[in-house]
Every structure is written in structure tokens, then in C-alpha cells.
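Reader: I am new to this structure and would like to go through it with you. Could we begin with the inside and then move on to individual residues?

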Amino acid sequence: MNNETFWNNKHFTNVTIALLVVLALFFVTKFISELKSYKYIGGGVSASNTISVSGEGEVFAVPDIANINFSVREEGKTVADTQKKVSAKIDTALSFLKNSGIEEKDIKTISYNAYPKYEYQASGSVPAIYPPIPGKQVLVGYEVSQTISVKVRNTDKAGTILEGLAKAVITEISGPNFEIDDEEALKLDARKKAIIDAREKAEVLANDLGISLVRIVGFSEGGNYPIYYSKSMEMSDVGRGSGITPSPELPKGENKISSTVTITYEIR
């Protein structure tokens with residue numbers, strides 16, 4: 001065998017070995033990747049044998065804000081005059097709120113409406129004739145209304161705010177509704193408790209059935225809706241008459257935030 005042939009054979013062998021090494025690394029990497037993905041929810045081969053369990057979590061918290069809505073509604077012959085009547089009462093109420101320490105960011109208009117009012121008037125002056133003389137709709141004035149939402153961050157002042165709005169001759173008041181300003185942390189806590197509850201149920205069930213839990217292949221969540229146990233006070237007639245108790249005591253109670261999860265496990 002001459003040197004050239006030997007060199008060619010050696011070169012071919014080296015190339016072959018290199019290709020085999022590359023292929024081996026590729027398949028090893030592929031295998032490890034598939035093995036890792038198998039651990040993830042819904043990853044890997046589809047599960048044929050599964051069980052599903054539900055878990056519930058609840059979190060209770062004392063409300064830290066009180067939401068109050070109030071409306072001013074007036075009638076007049078012209079839109080401009082009616083708007084002035086509404087603005088006068090709204091300005092008085094807003095001045096009271098700001099003097100009470102309510103920040104502008106916590107006061108907002110949630111609706112403003114202005115529309116004409118009509119009355120049906122019959123034509124002619126002869127009453128009670130048949131068939132009746134056709135009439136027409138006649139514009140008799142306008143109605144303007146504005147609704148304001150107020151967030152009271154010091155819930156102990158909710159009664160004082162209601163009293164002040166009543167003194168400002170606001171006759172349509174709704175609330176206060178005691179709520180939690182930032183519920184996200186509470187929702188996460190409720191979900192965590194629900195997952196723990198579902199996991200514990202799955203482990204007990206697996207032990208009773210004599211099976212093993214392999215991996216999670218499905219997850220869904222419901223709930224996370226706050227349930228308000230706090231008391232609210234409807235004040236739509238406040239300001240009409242003198243029977244309203246100044247600065248009423250308004251128990252806040254507790255709010256409950258719940259979460260329900262369903263977890264599906266592959267079993268063997």
C-alpha cells in the first residue's frame with residue numbers, strides 16, 4: 001500500500017468517525033430535550049390514563065376603600081339653563097369632597113346625559129270628538145344629569161362623606177360599597193391555596209387507588225371573583241327630609257376572594 005492510498009483511507013476513516021460523533025451528539029441532545037419536555041404540562045407523549053381533581057382556595061381581607069356614587073338631575077327650558085343648575089350642585093359637592101381630603105384622582109364623572117323632553121299635544125280646541133284630531137309631540141324642556149364616582153380611601157370617613165353630600169342637597173346617592181383596592185395579591189394567594197388543595201386531594205386519591213401520579217397534563221382555573229360580605233348603605237333618598245342620622249356607623253365586615261382550579265394528572 002503506497003502512502004497516497006494509506007492517507008486516503010485514514011482520511012475517510014476520520015471523516016466517518018466525525019460524522020458518527022456528530023450524529024450521536026444530535027440524537028443524545030434530541031433525547032434529552034424530549035425527556036425534559038415530557039415533564040412539562042401537556043408536553044411529551046399524549047397521556048392515555050388520567051385523573052382530574054379540583055381544589056379550592058379562599059382568602060379573607062378587610063376592605064380598604066369605600067366607593068360612593070351620586071347623581072344630580074335637573075330639568076329646565078333650555079339646555080344651557082339646565083346645565084347651570086346641575087353644575088352648581090356638582091361644584092358644591094366637589095368642593096366639599098376636596099375639602100374633606102378626597103384627591104382629584106379619586107373623583108371622576110362616570111356618566112353625563114342631556115336630552116330633550118316632549119309632550120303629546122292634541123291639535124284643535126274641541127274636546128272628546130271621534131275620531132280624535134291628530135296631535136303632535138311638542139318640546140317642553142330638557143333634562144340634564146351627571147353621575148360622579150368617589151373613592152374614599154379612609155373608610156372611617158365614609159359616613160362623614162355621606163352626611164356632607166346630603167347637606168349639599170344631593171338626593172341620589174348609592175353606596176358606600178366597601179371593597180379592596182388591590183386584589184391581585186389576594187387572588188394569587190387564593191390560587192396557591194387552591195393548587196395545594198388539589199395536589200393533596202390527588203395524592204390521597206392516588207394512594208387509595210393504588211396508582212402513581214406521573215405528571216400534570218392539564219390545568220384550568222375559575223373563581224378569583226371577590227365575594228363581598230361587607231355591608232353597603234343605599235342612600236337614594238338621603239337629603240329628603242330630616243330623618244338621616246349624621247355620620248352613620250357603617251360596618252365594613254370582610255370580603256372573601258375565592259379560586260377554584262382543576263388539575264389533570266397522568267397516572268400509571
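Author: A term is needed before we start: a nonpolar core is a set of buried Ala, Val, Leu, Ile, Met, Phe, Trp, Tyr and Cys residues joined through side-chain atoms within 4.5 Å. Please also note that the model is predicted.

Reader: How many residues does the largest nonpolar core have, and which have the most contacts inside it?

Author: The largest nonpolar core has 23 residues. F70, L97, L165 and I170 are those with the most contacts inside it.

Reader: Which elements give two or more residues to this core?

Author: They are the strands β2 (65–76), β4 (135–152) and β5 (172–179), together with the helices α2 (79–99) and α3 (158–167). Apart from this core lies another, of nine residues, including I51, V53, A194 and A198.

Reader: Back to L97, please. What is L97 in contact with?

Author: Leaving aside neighbours within four places in sequence, L97 is in contact with F70, I102, I107, V150, I161 and L165.

Reader: Changing topic to the helices: at what angle do the axes of α2 and α3 cross?

Author: They cross at roughly 150°, and the axes come within 10 Å. Angles over 145 degrees count as roughly antiparallel, and α2 and α3 are therefore roughly antiparallel to each other. Their crossing is right-handed.

Reader: Which residues make that contact?

Author: From α2 they are A93, F96 and L97, and from α3 they are T160, I161, G164 and L165. By class, the contact has five nonpolar residues, two polar ones and no charged ones.

Reader: Now V144. Is V144 buried or exposed?

Author: V144, which lies in strand β4, has a relative accessibility of 1%. The cut-off for buried is under 20%, so V144 counts as buried.

Reader: What does V144 touch?

Author: Not counting residues up to four places away in sequence, V144 touches V72, R73, E74, T82, Q83, V86, Y112, N113 and A114. V144 and V79 are 65 residues apart in sequence, while their C-alpha atoms are 7.6 Å apart in space.

Reader: And the backbone: is the peptide bond from G175 to P176 cis or trans?

Author: That bond is cis, with omega near 5°. P176 lies in strand β5.

Conventions. Residues are numbered from 1 along each chain as its sequence is written. This is a predicted model: local features need pLDDT of at least 70, side-chain atom pairs count only at pLDDT 80 or more; totals for chains, interfaces and linings use all residues. Side-chain values use heavy atoms; hydrogens and water are left out. Buried means under 20% relative accessible area, exposed over 50%, partly exposed in between (1.4 Å probe, protein chains only). Helices (H or I, at least four residues) and strands (E, at least two) are DSSP runs, numbered from the N terminus. Contact means heavy atoms within 4.5 Å. Axes are lines fitted to C-alpha atoms, for helices over the stretch in contact, and angles run from 0 to 180 degrees between N-to-C directions. Angles under 35 degrees count as roughly parallel, over 145 as roughly antiparallel, 65 to 115 as roughly perpendicular and the rest as oblique. A crossing is left-handed if the near helix is turned anticlockwise from the far one by less than a right angle, and right-handed if clockwise. Ala, Val, Leu, Ile, Met, Phe, Trp, Tyr, Cys and Pro count as nonpolar, Asp, Glu, Lys and Arg as charged, and the others, Gly among them, as polar.
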